[in-house]
Amino acid sequence: MSTSFTMIGGEGRNSYQEHSKYQGALVIAAKEKVNEAISMKLDIDFTSNLVNIADFGCSSGPNTFTAVQNIIDAVENKYKKESTIDGIEFQVFFNDSSNNDFNTLFKTLPPARRYFATGVPASFFGRVLPRNSLHVGVSSYSLHFVSKIPKEIKDRDSPVWNQDIHCSGSSKEVTKLFLDQYKIDLGSFLNARAQELVYGGLLLILGSCRPNGVQMFETVEGMMIDFIGSSLNEIANQGLIDQQKLDTFKLPIYAPQADELKQIIEDNGCFTIEVFEKISHSKGEYPLDPEFLTVSFKVTVGGSVASIFGQDAMEKTYELVKEKTQEMLPQLAKAKPGMQYLIVLRRN
């Protein structure tokens, strides 16, 4: 994950761990598809009884534990059916940026887990594991980040300076700069994973993208981030935070359209796309509840706001965000839906 963007850690009521059921629902809904993909497509030669699994962008739990267990169950089912190997052991590498809350992650590891656990603090835009050491990798709700903001977008004197705090889609020039950076970063992610994975290993990617033709500002996610931006501007107008600092504050997020995502993977050439599917589930769209929406975007974006402007300013910002969310419920109700996906890639 981007080193400047980390979920709110801990186990408190405003932590990511307590408010990540929306993301977790996709991991649960995709279980059968993951099992099918591993059963049909995983093709590895065992040199020992050890299977290495890694979650790239694991955060502080608990969804990573579900994702990992789904993979372990699927691998065990596959090789139990084939009766080709007995006594498989599993090593799981939990990867995220160095400022991730690994303490909470390891404190809440499932007591009955059947794997050895290792933390790997590093940016997943580069290689974090030895070459040809990984059998199955997974990344859930992590591949909408960029490693850096294009410098022109942060420069107020630039013709493409972006007043929004994210790539809302309202400016074609800004969107192109973000997309160009996203292509570089997703390419780097894929290149690193291709070096780490053994031949025939699988990379599973779960997340949310935009349906083709949908702009970010038309989605609930885009609207909520816009509310955060306008609330920060109100706080700045009150003199509580520095306006110049706010002018350069941009979230390192780019939500690709489905075809953009697929094209980048195909152009990279390191993987064969085995599955690229829309996954529907009960929590596929955010409920139109101001409290839920505010807290959901506080645990994901609030950490970045607090790191730049301070905890008090962040709390005041989200008080305003909740008010705006309540006022704008009719507009949120008309938002265009996103697309939850499962992508299964086999290393070439």
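Guide: Thr175 lies in helix α6. Helices (H or I, at least four residues) and strands (E, at least two) are DSSP runs, numbered from the N terminus. The model is predicted: local features need pLDDT of at least 70, side-chain atom pairs count only at pLDDT 80 or more, and totals for chains, interfaces and linings use all residues. Residues are numbered from 1 along each chain as its sequence is written, and side-chain values use heavy atoms, with hydrogens and water left out.

Is Thr175 buried or exposed? Thr175 is buried, at a relative accessible area of 15%. Buried means under 20% relative accessible area, exposed means over 50%, and partly exposed is in between (1.4 Å probe, protein chains only). Set aside the neighbours within four places in sequence, and Thr175 is in contact with Cys167, Gly169 and Tyr254. Contact means heavy atoms within 4.5 Å.

Take the cysteine next. The structure holds 0 disulfides. Cys167 is in no disulfide, and the nearest cysteine sulfur, that of Cys209, is 15 Å away. A disulfide is a pair of cysteine sulfur atoms within 2.5 Å. Cys167 is itself buried, with a relative accessible area of 7%. Cys58 is buried too, at 5%.

Two packed helices are described by the angle between their axes and the distance between the axes. Helix α6 (residues 172-196) packs on helix α9 (residues 258-268) at an angle of about 50 degrees, and their axes are 10 Å apart. Axes are lines fitted to C-alpha atoms, for helices over the stretch in contact, and angles run from 0 to 180 degrees between N-to-C directions. So α6 and α9 are oblique to each other. Angles under 35 degrees count as roughly parallel, over 145 as roughly antiparallel, 65 to 115 as roughly perpendicular, and the rest as oblique. The α6 and α9 crossing is right-handed. A crossing is right-handed if the near helix is turned clockwise from the far one by less than a right angle, and left-handed if anticlockwise.

Which residues meet there? From α6 come Leu179, Tyr182, Lys183, Leu186, Gly187, Leu190 and Asn191. From α9 come Glu260, Leu261, Ile264, Ile265 and Asn268. By class, the contact of α6 with α9 has 7 nonpolar, 3 polar and 2 charged residues. Ala, Val, Leu, Ile, Met, Phe, Trp, Tyr, Cys and Pro count as nonpolar, Asp, Glu, Lys and Arg as charged, and the others, Gly among them, as polar.

Next, α11 and its partners. Helix α10 (residues 290-309) packs on α11 at about 150 degrees, with axes 9 Å apart. α10 and α11 are therefore roughly antiparallel. The crossing of α10 and α11 is right-handed. The α10 side of this contact includes Leu293, Phe297, Val301 and Val305. The α11 side includes Ala313, Met314, Tyr318 and Val321. In total, the contact of α10 with α11 has 11 nonpolar, 5 polar and 4 charged residues.

Ile308 also lies in helix α10. Ile308 is partly exposed, at a relative accessible area of 38%. Apart from neighbours within four places in sequence, Ile308 is in contact with Lys245 and Phe249. Its C-alpha atom is 9.6 Å from that of Ile241, 67 residues apart along the chain.

The axes of helix α7 (residues 220-237) and helix α11 (residues 311-327) come within 8 Å and cross at roughly 125 degrees. That makes α7 oblique to α11. α7 passes α11 in a right-handed crossing. Among the α7 residues that meet α11 are Met224, Phe227, Ile228 and Leu232. Their α11 counterparts include Tyr318, Leu320 and Val321. This contact of α7 with α11 divides into 8 nonpolar, 4 polar and 3 charged residues.

Two loop residues complete the tour. Ser59 sits in the loop between β1 (50-56) and α3 (63-82). Ser59 is not a glycine, yet has a positive phi of about 60 degrees. At 4% relative accessibility, Ser59 is buried. Asn132 is in the loop between β3 (116-121) and β4 (134-140). Asn132 has a positive phi of about 50 degrees, again without being a glycine. Asn132 is partly exposed, at 47% relative accessible area.
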